[in-house]
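Q: Please take a close look at one part of this model. I would like a connected account of the sheets and of what surrounds them.

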Amino acid sequence: MAAANQSPRYYVNYSTRVDKVGLRPQINTAVRATVAVIVTVIMLIPVIWMGMTAFKNRPDAVSVPPKVFFEPTLEGFVFLLTDRRQLTAAEDEQLSARNDLSYFEQVALERGQSIIGQSAFPSQLINSLIISGVSTFFSVAFGVLAAYAFSRFNIPGKDDLLFFILSQRMLPAVVVTIPIFLMYREVGLHDTHLGMILLYTAFNLSFSVWLLKGFIDEIPREYEEAALVDGYTRLQAFRKVVLPQAVTGIAATTVFALIFSWNEYAFALMLTSDVARTAPPSIPIRLGTGGIEWAAIAAGSLLFLIPVVIVTFALRKHLLRGVTFGAIRKG
Amino acid sequence: MAQIELRQVEKKFGESFAVKPLDLTIQNGEFIVLLGPSGCGKTTTLRMISGLEAVTTGTILLDGRDVTWAHPSDRDIAFVFQFFALYSHMTARENIAFPLQAQRVPRAEISAKVAEVARMLRIEHILDSKPGSLSGGDQQRVALARALVRRPAAFLMDEPLGALDAEFREGMRAEIKQLHIRQEATTVYVTHDQIEAMAMGDRIVIMSKAQVQQVGTPHQVYHDPANLFVARFIGSPGMNLLNARYSDGKAILPGGSAVTVPGAYRAALDHALNDSDGAVIVGFRPEALRVNVTDGECSGVVYADDLHGGYSMLHLELADDVIIHGRMSRDTAHPIGETMVFDIDPAMMRFFHPKTELAIHINGGAA
């Protein structure tokens with residue numbers, strides 16, 4: 001009890017509560033920080049492992065126990081981006097004698113292979129970019145308009161409509177892929193960019209309408225009303241006043257929609273084959289062809305990760321506010 | 001500048017009235033205050049004038065032009081909101097220029113007008129700040145500038161000082177009044193603060209329960225309230241209202257004291273009270289109470305005596321739970337429990353009918 005009344009041995013020249021002063025709270029803080037760091041490291045291990053594997057050669061990638069220190073190589077990326085064939089011993093010798101080989105050919109040669117062409121992965125990555133980019137744009141653009149209407153106007157059957165929109169998200173993808181597959185085949189949308197864009201837009205729209213409605217509800221009507229009285233039309237007021245105020249919500253919704261359509265696997269596996277195949281189904285398919293090239297798979301996953309990381313990083317300022325789902329509004 | 005005329009304007013939300021049919025003519029250059037407790041329909045009335053709320057029935061005329069169904073942007077009015085409604089993504093300058101841009105005013109003219117209005121409101125030094133970094137008073141000045149810059153036909157203000165700290169409020173009140181005088185702008189001003197209303201209004205429209213209770217100058221609503229609601233609502237504390245019994249030129253107050261009814265009122269009371277068995281409500285303002293007079297007709301016991309700075313408020317108990325308030329000089333102390341003799345300034349005595357709750361006027365009985 002006496003300890004509680006002891007004054008600390010240092011001056012408290014910052015704002016804090018009395019019970020936060022002293023040795024014990026300091027230890028608590030240190031323990032908490034340590035736990036946070038440990039948890040973060042545990043969470044990051046798969047990502048770090050993937051990143052390391054992408055730069056390992058084949059023996060290193062499969063060695064047990066896993067190698068932490070290794071000689072980095074681009075073998076994984078070479079194998080990811082090329083199609084190769086096995087060389088005969090004679091061909092191998094012949095090629096080895098040449099000294100005008102490109103870096104890619106040298107890497108392949110070390111494994112007794114020669115490059116016969118570019119792999120499908122780059123075009124699949126581009127498909128992913130197109131499909132998720134365009135569908136994200138449309139689901140956010142339509143979503144913000146619909147959310148504004150739901151937020152501001154007296155729409156007959158508003159609650160039912162909102163529930164209907166939400167219900168679009170209720171069935172798991174695997175349940176609806178077969179009917180959609182059959183429909184798409186009939187109308188010629190199977191394995192097309194348009195088909196995938198339509199599907200992802202529809203799927204994301206329900207989510208973006210609900211999320212954005214929350215954000216727009218938070219914007220006081222007075223902003224638009226001021227603009228209306230000042231001589232603007234409803235649409236101008238929306239564009240000049242509501243949209244800039246909703247930037248945080250739009251950014252958050254964009255990231256969520258992008259991550260969904262970027263990561264989507266089940267629909268993409270069923271509904272695309274050669275033309276519009278996106279990256280997610282193409283990576284596991286590599287598991288099945290010949291010996292498992294773990295380095296190539298890891299390299300593919302790493303490349304696949306980059307665009308989402310860039311977008312999320314670019315919008316991080318808004319996201320910090322956005323993840324509170326409109327609870328904290330920008331002043 | 002413009003004249004605004006409301007003819008039988010009414011607003012219903014579902015089955016309930018937000019504003020019962022209302023007639024009001026606001027003269028060119030007049031400063032009208034809509035005053036009432038929250039939920040009385042004053043803001044709805046203002047929003048109907050602006051066009052942000054559609055009327056249920058009735059006609060709104062602006063300088064004789066029927067604008068009942070005109071879009072808000074076609075009415076040439078400016079609205080100042082309680083929470084300023086400044087666009088946080090624009091600087092103060094861009095906020096002020098915003099209404100001019102809607103009218104496609106040339107850029108040079110915009111910056112001249114913004115500079116002019118900024119000088120008038122003394123906000124030139126904050127033009128390049130974002131609203132978020134400004135004090136409440138400065139935010140409201142920017143909002144006022146945004147309303148003024150367009151030189152609209154009328155200003156509508158919805159509790160513009162409600163969100164300000166007390167110290168800003170008094171200064172801004174004077175500033176708005178000053179602006180009004182210089183601009184000669186027709187202004188409709190909504191507030192629930194009666195001090196604001198009394199200080200600023202040329203005329204005050206007192207509303208309660210969706211209905212207009214009285215329209216009059218500050219002097220009228222203070223000294224001649226039309227009914228009990230206005231008598232209680234205006235003044236702090238409100239009018240002293242006592243259930244009395246009138247007979248033979250005297251009103252018997254609770255506790256048994258009798259006050260002489262001013263001669264001018266007697267005929268009116270005789271006429272108005274013949275259906276109420278002499279029951280009447282006597283009203284008088286706290287400053288009409290005179291104590292320590294030699295010929296006082298009434299007496300009461302000191303219940304409390306509070307110093308309010310420049311004056312003190314004396315509370316006298318006449319009977320159980322019947323307490324009247326009187327405004328006294330701060331120099332005299334009144335010990336609690338002492339019996340005081342008092343009378344009421346006859347010129348400030350008012351009478352109300354207990355059933356209709358309306359004021360009884362000298363000529364013409366119940367209003």
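In strand 2 of chain B, which residue is the bridge partner of Val9(B)?

A: The bridge partner of Val9(B) is Leu22(B), in strand 2 of chain B. First, the conventions. This is a predicted model, in which local features need pLDDT of at least 70 and side-chain atom pairs count only at pLDDT 80 or more, while totals for chains, interfaces and linings use all residues. Residues are numbered from 1 along each chain as its sequence is written, and chains are lettered from A and ligands numbered from 1 in the order in which they are written.

Start with strand 1 (residues 4–13) of chain B. Helices (H or I, at least four residues) and strands (E, at least two) are DSSP runs, numbered from the N terminus. Two strands pair if DSSP finds at least two bridges between them. Strand 1 of chain B pairs with strand 2 (residues 16–26) of chain B in the antiparallel sense, over seven bridges. These two strands form a hairpin with two residues between them. Gly14(B) sits in the turn, with a positive phi of about 65 degrees. Strand 1 of chain B also pairs with strand 4 (residues 57–62) of chain B, antiparallel over five bridges. There, Arg7(B) stands opposite Thr59(B).

Now the six-stranded sheet. It is open, with mixed pairing, and runs in the order 6-7-8-3-9-10 in chain B. Strand 6 and strand 10 (211–216) of chain B are at the edges, each with a single partner strand, so one side of each has no neighbour in the sheet. Neighbouring strands are turned by 15 degrees against each other on average, direction ignored. Axes here are lines fitted to C-alpha atoms, for helices over the stretch in contact, and angles run from 0 to 180 degrees between N-to-C directions. Strand 10 of chain B pairs with strand 9 (residues 203–208) of chain B in the antiparallel sense, over five bridges. Ile204(B) stands opposite Gly216(B) in strand 10 of chain B.

Next, the contact with chain A. Two residues are in contact if their C-beta atoms, placed from the backbone, lie within 7 Å. The contact takes 18 residues from chain B and 16 residues from chain A. On the side of chain B, strand 6 (77–80) and helix 2 (92–102) are the elements that give two or more residues. The residues of that side divide into twelve nonpolar, six polar and no charged. Ala, Val, Leu, Ile, Met, Phe, Trp, Tyr, Cys and Pro count as nonpolar, Asp, Glu, Lys and Arg as charged, and the others, Gly among them, as polar.
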